[in-house]
Amino acid sequence: MKRLPLLFLVLGLVYLGSTLRPQANKTDFKLNDLNRVPVLVNGRIKPLDTVARTSLLTLQGRQRLVTPDGRSLTPAEWMADVLFAPGKADTYRCILIENHEVLDLLGVKTEDGDGGKRFSYDQLRLKLPELEKQARLADGVEAPLRTPFQKQVTTVRNRVILYLQLKTSVQMPDSTDFFTELDQFEKALPAGIAAVLAKQRNEPHNADAVKVMREMADRFSYMEQLAYLRLVPPAAGDPDPTNWRPVGSTLLDAFGSAKINPTVMEYARLGHAWRKGDAAEFNRITLSLHDELAKRFAPEMRKSDVEARFNAAQPFYSSMSLYVLAFLLAVASWLKWPQELSRAAFWLLTLAWIATTVGVFTRMWIEGRPPVTNLYSSALFVGWGAVLLCLFLAKFFRNGVGSVAGGLIGFGTLIIAHHLSLTGDTMEMMRAVLDSNFWLATHVVIITIGYSATFLAGFLALIYICRGVFTRTLDKATADALVRMVYGIVCFATLFSLVGTVLGGIWADQSWGRFWGWDPKENGALLIVIWNAVILHARWGGIVRARGLMVMAVFGNIVTSWSWFGTNMLGVGLHSYGFMDSAFYALIAFVASQLLFMVIALVPLEKWRSNTPAAA
Amino acid sequence: MHAITRQFRDFFVSLQLTVGLLILSLILVFAATLDQVNLGIWAVQEKYFRSFFVMWQAPNSDISLPIFPGGYFIGGLLLINLVAAHIYRFQMNWRKMGIQLTHAGLIFLLIGELVTGLMQKDSSMRMEEGQTRSYSESFRDYELALLDKTDAAFDEVVAVPEAVLADEGSVQHPRLPFQVKVKAYYGNATMQMGDPAGRPGAPVATQGVGARVQVIPLPLTYKPDELNQPAAFVEIITTEGTLGTWVVSPLVGMPQTFAYQGKNWELALRLKRHYLPFSLNLLQVTHDKYPGTEIPKNFASRVRLKDEAGHEDREVVIFMNNPLRHGGQTFYQYQMNAAGKMSAFQVVSNPGWLMPYIACILMGVGLTLQFCISLAGFIRKRAGTPAVASSV
């Protein structure tokens, strides 16, 4: 029994270690090499792996895909089919539709969908013009005012557009052999250009050659219009290293230079090899692409490689599992084998925190930014900060409370983060006013720590209330310890939220011309500071004792969730960057749950199952 | 001390008052945040924060009732509470120094915000590449400008503030050889082609644009990105009689002029101007976006700052998070239309701008000090009691 903590620690380490193993290629095709090839999308250079995963998340809310004949595909395999074998990809059911009216519009039934809600491009193809028409109508309505149908119809339309853009990134979707097409085009190019010039000068010319040129130009224009992935790196002499270009534009350039860009031909050859099933050729080309880019863009390649490994390791999912396990072990430690189980829980919590830390720091290194840059990363950081505080609490107080709170908050924040990752790439480029590493590192980090601490105080209070009202386990020593913990954390929270808010004011003064503008996000931060100050002053003035402190700390959860998410939903003011409406119901549910606990706590102390006097 | 005086003092010093006021401020800030969706930030500030009471207008009547204490009331009482506590309750020993400093910083912050609220002036400066401006314009306030344009080298301007126009009286000024009678004033209006006599009850314009258009009053708007466009009917009255009635409005595109006693005058209702003793010449406008996206990476304007007295003549780049501070004014990059080569700056004059910085330093030092003192005490206590609280 004494070895139990060590056993859990070793198992945890083995689990984490297994996530770091480089992924094995399931087939002869070395897709992992293709994964690491960098492209420029949405202003950032990232590996194709990230594009594959985030596209699947945007299209269907998850990364796993099952083909109609029952095979399960990795994101990389799906991406390769979309890019190189679009005919096959069109049969994969990867477009999520969750609204019955939209289903009717598109002429499909839930039985036709994978899981009742995922559909393939082939299934939707016929009614796409209808979708376009309805979506265009819905576009005219302001986003917060749209009905559920209008919201879903625009979302589905955007998903279809993303899919089309991906399909058109490397080749024309309807082409059965793009490589041969390009090869023939290149051979016909000099004569074709001559014919077009002759026609322009009203001289005798070869009409067929001109027709071919016109057709190809139309096809390449279509590709350029749908451009999304910028696969072609800047030419050797280009002074702008960020001038990556889409394949469509590069092909149009061929009319001027009479030659097709070599990278475009490489991708065409790659597609050819993929469709033919020639693994050796595919691997050779992928390696040569990789090496070619590594020569000229070494730092970008390095970051791309690391990001691909990071995507495969998925540190936040493994931390999530460890957090849950730590939570369960710590709660179990309250029932039996307190020493061993609470130590095991502590070790697992530490491992989970280390995994989260590695994840957060890797993101920082890849982006070149401080840890919090958008709503997703704020969720990661709130969890990270709160769990760090819990590790200290667990070390000092050794009663399992730190591990219970840490496991719960760690898991909760990572779930929130996962839901925030469904709209696309979480490593976004910073808009101009946010483009200041100094302020991102000071104001944003400090205020996020303030959120962490206020949430932690609230969850510790929930433990007090649950144990006191529903069980007999809230003895005087535990109650005292919890009161000291909550008080200490509230002091910490006051410090960080006040300093963070004031720093925000100074940033606003540098940026928007005023220290304080009463916009919703600023007001939200102010509410947190005020509420934490109210708790402290009420305690010092003897207005509340232990139970009152706990109830007030739980209210702090409501104030913080309003400030973190509620203010974004109003869409008002200079701070409205993170808009999401489906989270509205989750927020209401959370607030209701916290109010419920506050009411439960206010039940007369004699009715509590634990006989702890209030004056603790 | 007299019993009543002591009761009074005890009330203002009490922690209960602090807690009560903080809770009231929580409710006020939350209500104001929700109301911003309807009223917009600026109107909400006036209603909730720059007032002693939040007023509620009874429907279908002119009666306003105070229903909640406003920003000045709560803030003022908090300030009194804080200062009283400083005087009567805070002990001056070094163990409490952290708390002293923090509260001193808070007092400084509140006073600083009061100073800002009373004295900050915001305006905007908008120009295209190549243009020079030596004045900034108000965001919302208008003025009736009467310009004597006789001399080619300069204009003499008499500016009548909007508030005076709203009184709809007559305006006389030593530098004007005539009287300006405001026959009607509308806070927000639009104009359309039509017979001016066609609107019963409204004055009729006899000169300028007003002779051909109808002025239609509109309700005032509070939306943050909409501007009220006022309109007024003004009559110029001289000792020899009236020169006519004009319609003035920012919507009037062309200059409206008249001549009197050998001088050429122009009338215009325009955004209120603040003239500066220096000028900015916009040299270049830059708007960088991330490649392949519309996400803005950088907004920058290169300007040439030139002093009237000849002390300054240099180039400065103004961009996000990097304002220009000169002559008591601060210029922030506010808006830009790179395609139209237009840049707009927000011009802020705020004598109290340093106060929040000082307050931040005081509070930060105070809180950190207090936290370290508490943490040290906590660790010392834990070190002294080894076998504590390992229970379940």
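Chain A is divided into domain 1 (178–298) and domain 2 (430–616), with bounds that come from an automatic or database domain assignment. The centres of these two domains of chain A, taken over C-alpha atoms, are separated by 57 Å. Chain B is divided into domain 1 (3–119 + 354–384), domain 2 (123–132 + 279–349) and domain 3 (134–274). Between the centres of domain 1 and domain 3 of chain B, again over C-alpha atoms, there are 45 Å.

This is a predicted model, in which local features need pLDDT of at least 70 and side-chain atom pairs count only at pLDDT 80 or more, while totals for chains, interfaces and linings use all residues. Residues are numbered from 1 along each chain as its sequence is written, and chains are lettered from A and ligands numbered from 1 in the order in which they are written.

**Confidence**

The predictor gives the complex an ipTM of 0.82 and a pTM of 0.83. The pLDDT is the predictor's confidence in each residue, from 0 to 100. Chain A averages 88, and 97% of its residues score at least 70.

For chain B the mean pLDDT is 85, and 96% of the residues reach 70 or more. Helix H7 (residues 355–384) of chain B has the lowest mean among the elements of that chain (83), and helix H2 (residues 15–39) of chain B the highest (91). The pLDDT is below 50 over residues 387–392 of chain B, a stretch with 15 contacts in the model beyond near neighbours in sequence. Where pLDDT is low, the predicted coordinates should not be read in detail.

Helices (H or I, at least four residues) are DSSP runs, numbered from the N terminus. Axes are lines fitted to C-alpha atoms over the stretch in contact, and angles run from 0 to 180 degrees between N-to-C directions.

| Helix pair | Angle | Axis distance |
|---|---|---|
| H19(A) (401–420) and H20(A) (437–470) | about 120° | 10 Å |
| H8(A) (128–139) and H9(A) (148–167) | roughly 125° | within 9 Å |

H19(A) and H20(A) are therefore oblique to each other; angles under 35 degrees count as roughly parallel, over 145 as roughly antiparallel, 65 to 115 as roughly perpendicular and the rest as oblique. The crossing of H19(A) and H20(A) is right-handed, meaning that the near helix is turned clockwise from the far one by less than a right angle, with anticlockwise for left-handed. Among the H19(A) residues that meet H20(A) are A:Val401 and A:Leu408, and those in H20(A) include A:Phe455 and A:Phe459. This contact divides into 10 nonpolar, no polar and no charged residues. Ala, Val, Leu, Ile, Met, Phe, Trp, Tyr, Cys and Pro count as nonpolar, Asp, Glu, Lys and Arg as charged, and the others, Gly among them, as polar.

H8(A) passes H9(A) in a left-handed crossing. Its contact residues include A:Glu132 and A:Asp139 of H8(A) and A:Arg157 of H9(A). Seven residues of the contact of H8(A) with H9(A) are nonpolar, three polar and three charged.

**Interface**

In chain A, 59 residues are in contact with 51 residues of chain B, contact meaning C-beta atoms, placed from the backbone, within 7 Å. Helices H18 (375–397), H21 (476–512) and H22 (520–540) of chain A each give two or more residues to the side that touches chain B. H21(A) gives the most, with 14 residues. That side of chain A divides into 33 nonpolar, 18 polar and eight charged residues.

Notes. Two residues are in contact if their C-beta atoms, placed from the backbone, lie within 7 Å.
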